[in-house]
Structures are given as C-alpha cells and as structure tokens.
Amino acid sequence: MLSGQPAQGVLAVVGAAAQMGLLGALLAFAPTPLYPPHLASTLPWGLGPLADQQLAGLLMWVPGMVPYAVVGGVLARRSWRTAAS
C-alpha cells in the first residue's frame with residue numbers, strides 16, 4: 001500500500017480511522033436503537049437492542065482503532081525516515 005508515498009498512506013489511515021470512529025461514537029451514544037430490523041435479534045443474547053448497539057459502537061470505536069493506530073504508526077515512521085534521509 002502506498003510504499004513509495006508513506007505520508008499519503010498516513011493521511012489515508014487517519015481518514016479511515018476518523019470515519020470508523022465517528023460511526024462507532026454515533027452507535028455508542030445514540031439515545032435509541034438505529035436499526036429497526038435488529039430489534040428482535042438481541043433478546044436471545046440477554047441484551048436489549050440499545051445495549052447491544054452501544055456495545056457494538058464501543059467495540060468499533062475503542063479496540064477497533066488499534067489496527068489503524070499500528071498501521072498509522074508504521075507509516076508515520078517510514079515517512080519520518082524518508083524525510084530524514
């Protein structure tokens with residue numbers, strides 16, 4: 001991925017992470033369930049629809065950012081090395 005242009009890769013990772021983080025925050029902080037077809041599918045798991053949506057949003061928002069942070073860090077390091085040489 002963008003091995004010749006690591007700075008552009010960093011920008012792409014930041015943009016993708018921002019998009020996923022925004023969706024995760026929207027799901028986590030929504031006051032009501034956002035997906036009506038999903039309402040009946042959470043009860044067998046012992047969760048209400050809103051609790052399930054909030055849990056999904058938190059998983060998407062917090063641990064879901066780890067791969068983006070790792071890739072962004074690797075690309076940023078490559079970019080710094082390229083700029084220094």
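I take contact to mean heavy atoms within 4.5 Å. With that cut-off I looked up D52, which touches H38, T42 and L47 when residues up to four places away in sequence are not counted.

Before going on I noted the conventions: this is a predicted model, in which local features need pLDDT of at least 70, side-chain atom pairs count only at pLDDT 80 or more, and totals for chains, interfaces and linings use all residues. Residues are numbered from 1 along each chain as its sequence is written, and side-chain values use heavy atoms, with hydrogens and water left out.

**Overall fold.** I found three helices and zero strands in the protein chain, where helices (H or I, at least four residues) and strands (E, at least two) are DSSP runs numbered from the N terminus. The radius of gyration, taken over C-alpha atoms, is 18 Å, well over the 12 Å that the globule rule gives for 85 residues, so the chain is more spread out than a compact globule; the rule itself is 2.2 Å times the number of residues to the power 0.38. Along its principal axes I read a C-alpha trace of about 60 × 20 × 20 Å.

**Helix 2.** For burial I use relative accessible area, with under 20% as buried, over 50% as exposed and partly exposed in between (1.4 Å probe, protein chains only). D52 counts as buried because its relative accessibility is 19%. Q53 is also placed in helix 2 and is buried, with a relative accessible area of 6%; leaving aside neighbours within four places in sequence, I list L27, A30, T32, P33, L34 and Y35 as the contacts of Q53.

**Aromatic pair.** I then searched for paired rings of Phe, Tyr and Trp (its six-membered ring), meaning centres within 6.5 Å, with planes under 30 degrees apart called stacked, over 60 edge-to-face and the rest tilted. The structure holds one such pair: the ring centres of F29 and W61 are 5.5 Å apart and their planes stand at 80°, so the pair is edge-to-face. This pair links distant parts of the chain, with F29 in helix 1 (residues 6–29) and W61 in helix 2, 32 residues apart. I recorded F29 as exposed, with a relative accessible area of 61%, whereas W61 is partly exposed at 29%.
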